Amino acid sequence: MGVFTSESEHVSPVSAAKLYKAIVLDASNVFPKALPNFIKSVETIEGDGGPGTIKKLTLAEGLGYVKHHVDAIDTENYVYNYSVIEGSALSEPLEKICYEYKLVATPDGGSIVKSTSKYYTKGDEQLAEEYVKTGKERSAGFTKAIEDFIQANPDYN
């Protein structure tokens, strides 16, 4: 199995607490509203939201679905780890994708979103650099959409 790692950082004007809540704790409510052209619904299939939980994201028309396995959640330190274990995001040669998000508060009330993505391929398969680049861009766009939602809904807390 090959492992390809990508890291990125994104500076956000939104506080770590608020962004973490929207991305991790309130995903079933926020994702379809913040990303209506991409995510249709989020449902918990198994578990209580903690490690071991399985979530299914039904994507927009024609995009399929993705199943996430929650690997770790640390609400005090704003850390969230999950793996994509099934669905349309796992095209050949991928076996799974693991994500770690850590949100760090900044002095100005915003946050830094630190993201690590690990792409696991089947056998000795290689992964095109373009695939990793596209994944980084998608992650940045996703975070930006959540930020925009929070800023457009100031009562969201």
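Select residues 1-150 first: an unreviewed UniProt entry lists this span as "domain: Bet v I/Major latex protein". The model on screen is predicted. Within the span, 27% is helix and 45% is strand, and the end C-alpha atoms lie 39 Å apart.

**Stop 1: helices H1 and H2**

Select residues 16-25 for helix H1 and residues 27-34 for helix H2. Their axes are 6 Å apart and the packing angle is about 95 degrees, which means that H1 is roughly perpendicular to H2. Show side chains where the two meet: Ala-22, Ile-23, Val-24 and Leu-25 come from H1, while Ala-27, Val-30 and Phe-31 come from H2. By class, this contact has seven nonpolar residues, with no polar and no charged ones.

Stay on H2 and colour its buried residues, which are Ala-27, Val-30, Phe-31, Pro-32 and Ala-34. What do these buried residues pack against? Their partners are H1, strand S2 (39-46), S3 and helix H3 (129-152).

**Stop 2: the nonpolar core**

The largest nonpolar core has 37 residues. To find those with the most contacts inside this core, select Leu-19, Phe-31, Ile-39, Ile-146 and Ile-150.

Centre the view on Ile-146. Setting aside residues up to four places away in sequence, Ile-146 touches Leu-19, Ala-22, Ile-23, Val-30, Phe-31, Ala-34 and Leu-35.

**Stop 3**

Move to strand S3, residues 54-59, and pick Leu-57. Is Leu-57 buried or exposed? Its relative accessibility is 6%, so Leu-57 counts as buried. Apart from neighbours within four places in sequence, Leu-57 is in contact with Phe-31, Ile-39, Ser-41, Val-42, Gly-64, Tyr-65, Val-66 and His-68. For a distance check, draw a line between the C-alpha atoms of Leu-57 and Ala-27: they are separated by 9.7 Å and stand 30 residues apart along the chain.

From Leu-57, step across to His-68, one of its contacts. His-68 is in strand S4, residues 65-74. This histidine counts as buried because its relative accessibility is 10%, below the 20% cut-off. Beyond four places in sequence, the contacts of His-68 are Thr-53, Ile-54, Lys-55, Leu-57, Tyr-82, Ser-83 and Val-84.

**Stop 3: two backbone details**

Most residues other than glycine have a negative phi, and most peptide bonds are trans.

Select Tyr-78, in the loop between S4 and S5.

Where does Pro-93 lie? The loop between strand S5 (79-87) and strand S6 (94-105) holds Pro-93.

**Stop 4: Val-11**

Finish in strand S1, residues 2-12, by selecting Val-11. This valine is exposed, with a relative accessible area of 64%. Leaving out neighbours within four places in sequence, Val-11 is in contact with Ser-111, Ile-112 and Glu-147. Glu-147 stands 136 residues from Val-11 along the chain, and their C-alpha atoms are separated by 11 Å.

Conventions. Residues are numbered from 1 along each chain as its sequence is written. This is a predicted model: local features need pLDDT of at least 70, side-chain atom pairs count only at pLDDT 80 or more; totals for chains, interfaces and linings use all residues. Side-chain values use heavy atoms; hydrogens and water are left out. UniProt positions are given in the numbering used here, feature names are shortened, and annotations may be inferred rather than shown by experiment. Helices (H or I, at least four residues) and strands (E, at least two) are DSSP runs, numbered from the N terminus. Buried means under 20% relative accessible area, exposed over 50%, partly exposed in between (1.4 Å probe, protein chains only). Contact means heavy atoms within 4.5 Å. Axes are lines fitted to C-alpha atoms, for helices over the stretch in contact, and angles run from 0 to 180 degrees between N-to-C directions. Angles under 35 degrees count as roughly parallel, over 145 as roughly antiparallel, 65 to 115 as roughly perpendicular and the rest as oblique. Ala, Val, Leu, Ile, Met, Phe, Trp, Tyr, Cys and Pro count as nonpolar, Asp, Glu, Lys and Arg as charged, and the others, Gly among them, as polar. A nonpolar core is a set of buried Ala, Val, Leu, Ile, Met, Phe, Trp, Tyr and Cys residues joined through side-chain atoms within 4.5 Å.
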